[in-house]
Amino acid sequence: MKYFWIQSVLLLGVLTLAVMFIRRWDTSNTRAWKRLTFALFAVTNMYAVLRPADVSWVANRLGVGRGTDLVLYGLTLAVGFLTLNTLLRFRSFDRKLTELARSVAISEGIRVNAQRGGLDSAAVREPVGEETESA
Amino acid sequence: MSRYDDVWLVIPAYNEGPVIADVVERARTTFPNIVVVDDGSTDDSARTVLATGAHLVRHPVNLGQGAALQTGLAYALAQPGTQYLATFDADGQHQTHDVERMVALLREGTADAVLGSRFIGCSDHVPWAKRVVLRTAAAVSPTARRLKLTDAHNGLRVLNREAASRLRITMNGMAHASEIVGFLARSGLRVTELPVEILYTAYSRAKGQSLMNGFNIVFDLSFRERGRR
């Protein structure tokens, strides 16, 4: 029971945020929470630097031995979310890049293939010999 | 005029310069409509395709085979009179007479999508390591089981217009094969498998995806975003 509080805090934190993130990580709401959390994280860090004894006190209340351990846990969580966030952000970039490249490719393809002439879809409408292709 | 005027072959190609023109010309003796999607190749793939009778669409940057397939399907769907769309590999491992049989099946109107399978009937020609992994993939994939598929990762498929226009491939990499199967399972479309023969040439063996890529596929699929569509 000694570690009950810290364990539930950490596990719950990881689980809820992971689920929330993957499901709807880029709604404006989630983005606001991300910023708030980051601000909180920064403030907490400054406080921890100035009054390390308080961190130890909190750590004790949560059932973690030392303040350093609590900071370490916090850091682990932070790195985890940073990784996840970066992964999802890259994925979203990827999707946008794909759509952009696809529309460029298709409109360019339509133009180029129309210029080449003698291609079959044109041939379907007005039969031409297959040897009239030109690059 | 050909009896396959309403069929389009979509061939994704990435650095297939040595074989692509040959594969295209051979396929064109049966299928007049072919679109090659050059996925940002760094070799002369695009130039050799321009010398053939196939349409060429070029990705400005390399995006992956899934993305190339989706681009090719979109291009083919925009052409007049398209009814059936086949995905066909650029390395020469697929055979046009298999596509003919698959199209014939779709024309009967009893199915919306036909997937090629290496494992109906005799599969001795499939390298054994590949056989084990692919059979396992088909066996553990819930969607492949739902459709009772024997081969979840075959690149040879024929879709009718409805199936192709509802399909949206978002997995740019190799996970698109599982994505397509998953889509078909959820879509309520009628799906069947047909045995096809794969030619494992020295070239296609060297180009084929390594089995380690299976881990990438599992990772990609497990991390896809939910609740978006």
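How many helices and strands does the secondary structure of chain A come to?

The structure is a predicted model. In it, chain A comprises five helices and zero strands, and the pattern read along its sequence is α-α-α-α-α.

Chain A has 135 residues, of which 9% are buried. When contacts between residues at least 6 apart in sequence are considered, 42% of those in chain A join residues at least 24 apart.

## Chain A: confidence

The average pLDDT of chain A is 78, and 83% of the residues score at least 70. Among the elements of this chain, helix 4 (residues 67-116) of chain A has the highest mean pLDDT, 88, whereas helix 5 (residues 120-125) of chain A has the lowest, 44.

Over residues 121-135 of chain A, pLDDT stays under 50. For this stretch the model has 22 contacts beyond four places in sequence.

## Chain A: the contact of helix 3 with helix 4

Two packed helices are described by the angle between their axes and the distance between the axes. For helix 3 (residues 52-62) of chain A and helix 4 of chain A, the axes come within 7 Å and cross at roughly 80°. Because angles of 65 to 115 degrees count as roughly perpendicular, helix 3 of chain A is roughly perpendicular to helix 4 of chain A.

On the side of helix 3 of chain A, the residues that take part are A:P52, A:V55, A:S56, A:V58, A:A59 and A:L62. They meet A:G67, A:D69, A:L70 and A:V71 in helix 4 of chain A. By class, this contact has seven nonpolar residues, two polar residues and one charged residue.

## Chain B: secondary structure and burial

Chain B contains ten helices and seven strands. Buried residues account for 48% of its 229 residues. Among contacts in chain B between residues at least 6 apart in sequence, the share that joins residues at least 24 apart is 75%.

## Chain B: the nonpolar core

The largest nonpolar core has 66 residues, and B:V10, B:V24, B:V35 and B:V36 are those with the most contacts inside it. Helix 3 (residues 65-77) of chain B gives the most to this core, contributing seven residues.

Which residues does B:V35 touch, not counting residues up to four places away in sequence? Its partners are B:W8, B:V10, B:A54, B:H55, B:V57, B:G72, B:Y75 and B:A76. One of these partners, B:V10, is itself among the residues with the most contacts inside the core.

Notes
Residues numbered from 1 in each chain as written. Chains lettered and ligands numbered in written order. Predicted model: local features only at pLDDT ≥ 70, side-chain atom pairs only at ≥ 80, totals over all residues. Helix = DSSP H or I, 4+ residues; strand = E, 2+ residues; numbered from the N terminus. Buried ≥ 20, exposed ≤ 12 C-beta atoms within 10 Å, placed from the backbone. Contact = placed C-beta atoms within 7 Å. Core = buried A, V, L, I, M, F, W, Y, C linked by C-beta atoms within 7 Å. pLDDT = per-residue confidence, 0-100. Axes fitted to C-alpha atoms, helices over the stretch in contact; angles between N-to-C directions. Parallel < 35°, antiparallel > 145°, perpendicular 65-115°, else oblique. Nonpolar A, V, L, I, M, F, W, Y, C, P; charged D, E, K, R; others polar.
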